[in-house]
Amino acid sequence: MNNLPSLHDLNVFLLVARRCSFSAAADELGMSAGFVSKRVRALEQDLNLRLLHRTTRSVTLTEEGERVSAWAQQLLYQVSQLGDEIYAWQGEPKGLLRVVSSPGLGRRMVAPALAELAVRYPGLDIRLDIQDRLVDLMEEGVDLDIRVGNDISPHVIAKPLAKNHRVLCASPGYLQARGTPETLADLGQHDCLVIKERDHPFGVWNLIGPRGPQTVKVAGSLSTNNGEIARQWCLDGRGLLLRSRWDVKDDLQAGRLVQVLAEYAQPADIWAVHTSPLLSSAKVRVTVEFLGDYFRQRC
C-alpha cells in the first residue's frame with residue numbers, strides 16, 4: 001500500500017459500486033463523472049489494487065473490490081458512529097442524516113416532519129430519498145427507513161412511531177353505480193384498485209374482521225405501484241381501495257370517499273427502521289423521537 005486511503009475516496013468508491021455507474025454516482029454526489037472516476041483511480045493507486053471492472057456498459061467489482069467494499073462499509077460506519085458520539089457529548093446532533101420512505105408516506109407525512117426537524121436541529125444535514133422498494137440500509141448508507149406495514153424483518157431494529165390501519169373505501173359515485181359490498185366475498189364482483197407498493201403482496205388483501213384474520217384475493221382493470229395514483233383513481237370513481245387511514249382521513253371526513261365494510265381493517269403501523277441501537281446515534285435518536293411525537297398527533 002502506497003498511502004492510507006482517503007475516507008472521502010472510500011465513500012465515492014462505495015457509491016460507484018452501489019450504483020454500478022460513475023455517472024449515477026456523480027449525479028448523487030453533485031460532482032462530475034470525471035472527478036468521480038479520478039477519485040476512484042486515486043484510491044486504487046493508494047491501495048495498489050484494481051477495484052472495478054470498467055466497460056462501456058457496466059461497472060462491476062473485482063474480487064479485491066468486493067473485499068475493500070466490505071471493509072470500507074465497516075470503517076465508514078464506525079467513523080460515523082464516532083461522529084455521532086462526539087456530537088452527543090456536545091449536546092447537539094449534527095451531520096448527514098439519510099432517510100428513505102415510500103412515495104405516499106414520504107410526501108404527505110415524512111417530508112413536512114423533516115422540514116420541522118431541520119428547524120429544530122440546524123446542525124443536521126437531512127436527505128430524504130423516496131423509494132418504491134425495500135432498501136438495504138447498511139449497504140446503501142441509510143440511517144432510517146420510515147415505512148408503513150407490520151411485516152418487519154427480524155434482522156433490523158424497528159421502533160413503532162404511530163398506530164395505523166388501512167380501510168376499504170370508494171367514491172360515492174362508484175358506489176351509486178356499482179352498489180356497496182356487504183361481505184368480503186362481494187369484493188370479487190367489484191373493481192379493486194390493486195397497489196404493488198414495496199413489499200406488500202400484490203392483489204391480496206389481509207384483513208382483520210369480526211371472525212379474526214381473513215384473506216381475500218382481489219382484482220380490477222387498474223393497478224399501480226404508486227399509492228397516490230390509486231387514491232386519485234378511487235376519488236375519480238374507478239374502484240374500491242384499501243388505503244391507510246391517515247392518507248384518506250380528510251377525504252372520508254369531506255365525503256369525497258366513503259368507508260365500506262367498516263368492520264374490516266388491515267393493521268399497518270408506521271415504523272422507524274434502523275440498523276444501530278438508538279443510544280449509539282444522537283442524530284437517529286432525536287429524529288425517531290421527533291417523528292414519533294409528530295405522527296402520533298396526526299394519525
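User: What makes lysine 163 count as exposed?

Analyst: Its relative accessibility is 68%. Exposed means over 50% relative accessible area, buried under 20%, and partly exposed in between, with a 1.4 Å probe and protein chains only, so lysine 163, at 68%, counts as exposed. Do keep in mind that this is a predicted model, where local features need pLDDT of at least 70, side-chain atom pairs count only at pLDDT 80 or more, and totals for chains, interfaces and linings use all residues. Residues are numbered from 1 along each chain as its sequence is written, and side-chain values use heavy atoms, leaving out hydrogens and water.

User: Why is the contact between aspartate 269 and lysine 163 called a salt bridge?

Analyst: A salt bridge requires a side-chain nitrogen of Lys or Arg within 4 Å of a carboxyl oxygen of Asp or Glu. Here the N to O distance is 3.5 Å, so the pair qualifies. Aspartate 269 sits in the loop between β14 and β15, and lysine 163 in the loop between β6 and β7, so the contact ties together parts 106 residues apart in sequence. Aspartate 269 has 9% relative accessibility and therefore counts as buried.

User: What makes valine 110 the site of a kink in α5?

Analyst: The bend at a residue is the angle between axes fitted to the seven residues ending there and the seven starting there. At valine 110 there is a kink of about 40°, shortly before proline 112. Even so, α5 has 18 residues and reaches 24 Å from first to last C-alpha, close to the 26 Å expected at 1.5 Å a residue; that expected span is 1.5 Å times one less than the number of residues.

User: Why are β3 and β4 said to pair, and in what sense?

Analyst: Two strands pair if DSSP finds at least two bridges between them. β3 and β4 have seven bridges, in the parallel sense, so they meet the requirement.

How values were computed:
Helix = DSSP H or I, 4+ residues; strand = E, 2+ residues; numbered from the N terminus.
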